[in-house]
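Subject: Handover of a structure and its findings

Dear colleague,

Please find the structure below, together with its sequence.

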Amino acid sequence: HAKWTSAGDIWSLGITLLQVLTTVLPYQRVMDRFGGGMAPIAYFIQSTKPEHQPVIPEELPELVKDLLQKCLKLEPSERATATALLTHSFFDGIDLETDWVAEWKLQNSKCTTTTP
């Protein structure tokens, strides 16, 4: 039974960004190969085999590929943290100290996470 960490959220961010940028489910080929359903996808997501890594298209800008690579490391402990990602060049020009962001951070710093 694996313990939850924020590394799973970072993976999800990378997968979601990849889907938004390519308009294709990152594991669509797996679904097609095994006739649909979530079971094969769950296997591939939990796999640490490099061949099961989502494909990052070469035609994406280097800045985007770098961000995705930081999010989609197979080993969770090697993935970038949310704090580290916020310093990535991908987010240059976004003011993260605006009033609404500061208020949100304040409200959510009081949240606690429990694991089952």
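Leaving aside neighbours within four places in sequence, with which residues is L72 in contact? The partners of L72 are W11, G14, I15, L18, Q53, P54 and I56, where contact means heavy atoms within 4.5 Å.

The basis of the values is as follows. The model is predicted, so that local features need pLDDT of at least 70 and side-chain atom pairs count only at pLDDT 80 or more, while totals for chains, interfaces and linings use all residues. Residues are numbered from 1 along each chain as its sequence is written, and side-chain values use heavy atoms, with hydrogens and water left out.

Confidence is expressed as pLDDT, the predictor's confidence in each residue from 0 to 100. The mean for the protein is 79, and 72% of its residues reach 70 or more. Helix α3 (residues 39-46) has the lowest confidence, at a mean of 61, whereas helix α4 (residues 62-71) has the highest, at 96.

Overall architecture: the protein contains six helices and zero strands, in the order α-α-α-α-α-α along the sequence. Helices (H or I, at least four residues) and strands (E, at least two) are DSSP runs, numbered from the N terminus. Among contacts between residues at least 6 apart in sequence, 53% join residues at least 24 apart. The accessible surface comes to about 8300 Å², and carbon and sulfur atoms account for 59% of that surface; the areas come from the Shrake-Rupley method with a 1.4 Å probe, and for residues only the protein chains shown count as cover. Of the 116 residues, 28% are buried, where buried means under 20% relative accessible area, exposed over 50%, and partly exposed in between (1.4 Å probe, protein chains only).

In α4, the buried residues are V64, K65, L67, L68 and C71. These residues lie on the same side of α4, because they cover an arc of only 160° around the axis; the arc is that of the directions from the helix axis to the C-beta atoms. Their cover includes α1 and α5 (82-86). K65 counts as buried because its relative accessible area is 7%. Beyond its neighbours within four places in sequence, K65 is in contact with I56, P57, E58 and L60.

T23, in the loop between α1 (7-22) and α2 (28-33), has a phi near 60°, a positive value in a residue other than glycine. T23 is exposed, at a relative accessible area of 69%. S89 belongs to the loop between α5 and α6 (99-108) and is partly exposed, at 40%. S89 and L63 are 26 residues apart in sequence, yet 7.2 Å apart in space, C-alpha to C-alpha.

Rings of Phe, Tyr and Trp (its six-membered ring) pair if their centres lie within 6.5 Å; planes under 30 degrees apart count as stacked, over 60 as edge-to-face and the rest as tilted. The count by this rule is one aromatic pair. The pair of F90 and F91 is edge-to-face, because the ring centres are 5.1 Å apart and the planes stand at 80°. F90 is partly exposed, at 29% relative accessibility.

Yours sincerely
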